[in-house]
Amino acid sequence: MEIIISNSSNQPIYEQIVRQVKGQIMAGDLTAGEQLPSIRALANSLRVSAITTKRAYADLEAQGFIETVQGKGSFVAGGNAEILREERLREIEDRLLQAIEAGRALDLGDEELIEMMRTLLESDD
């Protein structure tokens, strides 16, 4: 598992960890049942506080991406296909909203935006 922390980012370190671990799970780089580094080991490798990595793992667990077994460690959650699908759908919706907002900033109407989408869909075939 590779995580790169940017100290110049406006995003808190724990959120950077969460985002990158989720990304690796969604991309299939981390698979169901795969063990993650311990909180302390990850903190040491990233040179951050164990509290920071603990918060990241807690967020990932709350979102259903990982499971923690007392005394054994944290693992990529199994059976999270639906969670992954919902996460991807949310990302697509966010990107579509950004496109709509950009179109509206140019005073494009709904029909123009829909026609652009149709054109792009047809050209993708």
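In which loop is Asp107 found? Asp107 is found in the loop that lies between helix 4 and helix 5, where helices (H or I, at least four residues) and strands (E, at least two) are DSSP runs numbered from the N terminus. The model is predicted, so that local features need pLDDT of at least 70 and side-chain atom pairs count only at pLDDT 80 or more, while totals for chains, interfaces and linings use all residues. Residues are numbered from 1 along each chain as its sequence is written, and side-chain values use heavy atoms, with hydrogens and water left out.

Phi of Asp107 is near 65°, a positive value in a residue other than glycine. Asp107 counts as exposed, at 67% relative accessibility; here buried denotes under 20% relative accessible area, exposed over 50%, and partly exposed the range in between (1.4 Å probe, protein chains only). A positive phi, near 60°, also occurs at Arg47, in the loop between helix 2 and helix 3. Arg47 is exposed, with a relative accessible area of 78%. Most residues other than glycine have a negative phi.

Helix 3 comprises 13 residues (50-62), which at 1.5 Å a residue should span 18 Å; its end C-alpha atoms are 18 Å apart, in agreement with this value. The expected span is 1.5 Å times one less than the number of residues. Thr53, Ala56, Tyr57 and Leu60 are the buried residues of helix 3. They cover an arc of only 95° around the axis and therefore lie on the same side of helix 3, the arc being that of the directions from the helix axis to the C-beta atoms. On the other side of helix 3, Ile51, Lys54 and Ala62 are exposed. The cover of the buried residues includes helix 1, helix 2 (39-46), strand 1 (66-69) and strand 2 (73-76).

Within helix 1 (residues 13-26) lies Lys22, which is buried, with a relative accessible area of 13%. Apart from neighbours within four places in sequence, Lys22 is in contact (heavy atoms within 4.5 Å) with Leu60, Gln63, Phe65 and Glu87.

A nonpolar surface patch is formed by Leu89, Ile92, Leu96, Met117 and Leu121, with about 420 Å² of accessible area together. Helix 4 (81-105) and helix 5 (110-123) each give two or more residues to the patch, and the largest share, 3 residues, comes from helix 4. Patches are made of residues with over 30% relative accessible area and no salt bridge, like charges being joined within 9 Å and nonpolar side chains (Val, Leu, Ile, Met, Phe, Trp, Tyr) within 5 Å. A salt bridge requires a side-chain nitrogen of Lys or Arg within 4 Å of a carboxyl oxygen of Asp or Glu. Accessible areas come from the Shrake-Rupley method with a 1.4 Å probe, and for residues only the protein chains shown count as cover. Leu89, in helix 4, is partly exposed, with a relative accessible area of 31%.
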